Amino acid sequence: MSKVYNWQLGREMAYPYDEHHPQWQFAFIFNTNRCINCQTCTMACKSTWTFSKGQEHMWWNNVETKPFGGYPHNWDSKLLGMLSELNPEGQFWSAGEPSPKAPYGHFDGKTIFEAAEGYSGTDGPKAAIGYLPAPEEWEAPNVYEDHARGGAGLSPSTTLPEHKVWFFYLARLCNHCTYPGCLAACPRQAIYKRPEDGIVLIDQSRCRGYQKCVEACPYKKAINRPNTTTSEKCVACYPRIEGKDPELSPNGEPCETRCMTACPGKIRLQGLVRVGEDGQWVEDAASPLYYLIRDRKVALPLYPQFGTEPNGFYIPPRWVPRPYLEQMFGPGVQHAIEQYSCPDRELLAVLQLFRATQQILFRYSIIEGEKVAEVPVTMPDGKTKVQEIYNDTVIGYNKLDREVVRLTIEEPVFERPERPYANSI
Ligand code: SF4
Ligand code: SF4
């Protein structure tokens, strides 16, 4: 295997291919604090891409209730169990001084690729550790919906704002990983990562349905289609990313995917981040995604310890016990929740941009407004902090640097005119 640098692990790691990076990377942030499990995203995706025969159990976007829900069933706990078994020394993080190349410290355990190096099962050598779900595990995609975990004595923490009884909704799609497990495992080289936007696609004409991608994707987002026997996965609505929709993108501006634009909970913000030749994100403090993920570290990768460097990031739910969140999002959880619990004025302004326009935002700017409120906030340590709120205006710009959205912190009030007006009776 080659050595590649994984910034989410803060170190080099083994990978079957040499480092090679796209110019831009498709990435997204989900704010789990706001998801209402309406599944509008799921249906937006299904009605666009997976409504045909053979795709009945294919949900490229799904929303599961954690901790018990999962699609396919128990996908994460199964893989975590396999990795722990192969690396009984432990899957630990060591803190270290945070730096741009190692913002969360250093992962000392084994990734799916590293655990595969010493693998000697009856099924031969592997590029990555994984498993093939049984057919019934792909059924009931929303199993354990709204099932809570906890009760007196079960949760280690009783301090607000963590709750003794809890669940939360985890929306998921392909993470268009920097080091995809699916791509690493494909014996036909049918899977490729596009140099222009980092989107990971399966070439249907090359796929022979060996399902190595299904086995090796730690997020189980490559899925086999029984009637064609090939594997399919999220295509990141690439015509929209390319700005090919004549109505949404009259001048070729990149637009957000169907699942992102449909979200009524406004939990989603999508972007394209610029990547350097060394694989590092090019510093761009005015990019909403760079600001939230790399600068403020308020959004965290999902299971970074798997090692694929996923490009989906999550603002963790405030009410959930931290040990659960830390095994899911890594060691940055406490910092992210502190930031989100009492955002300063710039962070509060940028958070308004979630689901504000269908076009992808490449830059934001803020016009400062008057102070309008002081609000007491309960912080994760139970102490109270006063949040100062200013009626700032945040402006978002598309790829052509044209203003496409302008919002104030205080929602404006509109008074209806005297009758008659539309729909008056
Ligand atoms: S999430 Fe899975 S299917 Fe998507 S790029 Fe990563 S490894 Fe491949
Ligand atoms: S559309 Fe948005 S709020 Fe609704 S389930 Fe999907 S991510 Fe959650």
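Predicted model: local features only at pLDDT ≥ 70, side-chain atom pairs only at ≥ 80, totals over all residues.
**Ground rules.** I kept in mind that local features need pLDDT of at least 70 and side-chain atom pairs count only at pLDDT 80 or more, while totals for chains, interfaces and linings use all residues. Residues are numbered from 1 along each chain as its sequence is written, and chains are lettered from A and ligands numbered from 1 in the order in which they are written.

**Mixed sheet.** I started with four strands that form an open sheet in the order β14-β3-β16-β15, with mixed pairing. Strands here are DSSP runs of E, at least two residues, and helices are runs of H or I, at least four, numbered from the N terminus; two strands pair if DSSP finds at least two bridges between them. The edges are β14 (268-274) and β15 (300-301), each pairing on one side only. I then followed β15 to β16 (residues 312-315): they run antiparallel and are joined by two bridges. P301 has F313 of β16 as its bridge partner.

**Core.** Next I looked up the largest nonpolar core, which has 99 residues. Such a core is a set of buried Ala, Val, Leu, Ile, Met, Phe, Trp, Tyr and Cys residues joined through C-beta atoms within 7 Å, where buried takes 20 or more other C-beta atoms within 10 Å of the residue's own, with C-beta atoms placed from the backbone. I29, A128, C182, C213 and A299 touch the most other members. Strand β3 gives the largest share, six residues.

**Ligand 1.** C182 turned up again here: among the 14 residues around ligand 1, the nearest are C174, C177, P180, C182 and C217. Around a ligand means a C-beta atom, placed from the backbone, within 6 Å of it. I noted eight nonpolar, four polar and two charged residues in this shell. Nonpolar covers Ala, Val, Leu, Ile, Met, Phe, Trp, Tyr, Cys and Pro, charged covers Asp, Glu, Lys and Arg, and the others, Gly among them, are polar.

**Ligand 2.** I found 15 residues around ligand 2, with C35, C38, C41, C263 and G265 closest. Helix α1 (40-49) and strand β9 (168-172) each supply at least two of the shell residues. The classes are 11 nonpolar, four polar and no charged residues.

**Antiparallel sheet.** My last stop was an open sheet of three strands, β17-β20-β21, with antiparallel pairing. Because β17 (363-367) and β21 (403-408) each have a single partner strand, one side of each is left without a neighbour in the sheet. Five bridges link β20 (residues 393-397) to β21, and Y397 has E403 of β21 as its bridge partner.

Notes:
Buried ≥ 20, exposed ≤ 12 C-beta atoms within 10 Å, placed from the backbone.
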